[in-house]
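Reader: I would like to go through this entry and ask what the terms stand on. Please show it first.

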Amino acid sequence: MKNGKKSEQKMTAILLSMGLCVVALGAGVTYYTWSNVQEQPPQETAQASPATAAKTPTLETAQLQREERSKDDGESPDAGTEVQTIQSQQPKTSAQQPVTEEMPEAVLTFSYPVSGEIVMPYSVDQAIYDPTLEQYRTNDTLCIAAAEGTAVQAAADGVVAEIRDDDEAGKTLVVEHADGWRTTYSPLAEDGLPQTGEAVTKGQTLGSLDQPTKYQAGLGSHLEFSMEQNGNTVDPQTKLNPQESAQ
């Protein structure tokens with residue numbers, strides 16, 4: 001009886017020890033699990049990665065794509081490139097760059113408006129004697145002897161620029177020519193004069209010679225003729241062609 005009681009006590013001690021071990025084991029597992037949870041870093045919230053832009057295809061990829069498209073269309077992939085290259089290499093034609101050839105300017109020549117003797121020459125640098133005024137003076141015209149009623153001809157092609165009455169020179173006609181030239185004729189009769197603005201040709205009759213004014217009477221009947229270019233008087237004898245005398 002006594003031995004049975006000891007066996008029961010021993011069994012109880014064993015069971016109690018095993019229970020304590022189970023409790024201790026459970027406590028260890030719980031501690032271990034709790035420690036691992038504390039040591040793990042907090043999980044970061046996943047961020048959506050930004051969408052990346054479409055990459056530019058490589059040269060090889062672009063060529064392959066173009067070849068595929070050309071096969072579908074039935075055209076050569078380099079046809080457009082070849083045409084563009086040929087057009088860019090074409091030289092500019094004369095139609096694109098018109099070349100204008102400048103014609104040489106015609107030389108303007110003058111003929112004598114009347115035929116006759118020079119009764120008073122052109123002289124602006126030195127005074128010469130004027131029989132009408134009976135004194136020496138300069139003269140910017142050329143006085144050519146001719147009878148009253150003689151036809152006065154245009155010295156060159158031009159346009160009648162002015163017709164005026166001058167107390168000293170009488171009826172005066174002015175013709176404008178190319179290159180800034182002007183010729184002046186006086187004294188002319190009232191009848192048979194062209195109109196202002198009328199075009200005249202070389203050798204065309206402008207009118208007839210009138211009698212001299214009182215300021216010219218000492219020279220007898222004559223034509224008073226003058227020339228200027230761009231407003232500057234010129235000696236007519238340096239420009240008139242003696243081979244083209246008036247008829």
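Reader: Leaving aside its neighbours within four places in sequence, which residues is Thr213 in contact with?

Author: Thr213 is in contact with Asp167, Glu168, Ala169 and Gly170. Contact means heavy atoms within 4.5 Å. This is a predicted model, where local features need pLDDT of at least 70 and side-chain atom pairs count only at pLDDT 80 or more, while totals for chains, interfaces and linings use all residues. Residues are numbered from 1 along each chain as its sequence is written, and side-chain values use heavy atoms, with hydrogens and water left out.

Reader: Why is Thr213 called buried?

Author: Buried means under 20% relative accessible area, exposed over 50%, and partly exposed in between, with a 1.4 Å probe and protein chains only. Thr213 has 17% relative accessibility, so Thr213 counts as buried.

Reader: What makes Ala217 partly exposed?

Author: The relative accessible area of Ala217 is 47%, so Ala217 falls in the partly exposed class. Ala217 lies in the loop between strand S11 (205-208) and S12, and Thr213 also has its place in the loop between S11 and S12. Strands are DSSP runs of E, at least two residues long, numbered from the N terminus.

Reader: Which residues does Ala217 contact, beyond its neighbours within four places in sequence?

Author: They are Thr132 and Pro212. Thr132 is 85 residues from Ala217 along the chain, yet their C-alpha atoms are separated by 6.1 Å.

Reader: Which residues touch the most other members of the largest nonpolar core?

Author: Leu173 and Tyr185 do, in a core of 25 residues. A nonpolar core is a set of buried Ala, Val, Leu, Ile, Met, Phe, Trp, Tyr and Cys residues joined through side-chain atoms within 4.5 Å. S12 gives the most to this core, with three residues.

Reader: What is the volume of the largest pocket, and what makes a pocket?

Author: The volume is about 490 Å³. Of the 27 residues that line this pocket, the closest to its centre are Asp140, Thr141, Glu168, Ala169 and Glu224. On a 1 Å grid over the protein atoms alone, a pocket is an open set of points where a 1.4 Å probe fits, with protein on both sides within 12 Å along at least five of seven lines; lining residues have an atom within 4 Å of a point. The volume is the space filled by probe spheres set on the points, which are joined across faces, edges and corners.

Key. Helices (H or I, at least four residues) and strands (E, at least two) are DSSP runs, numbered from the N terminus.
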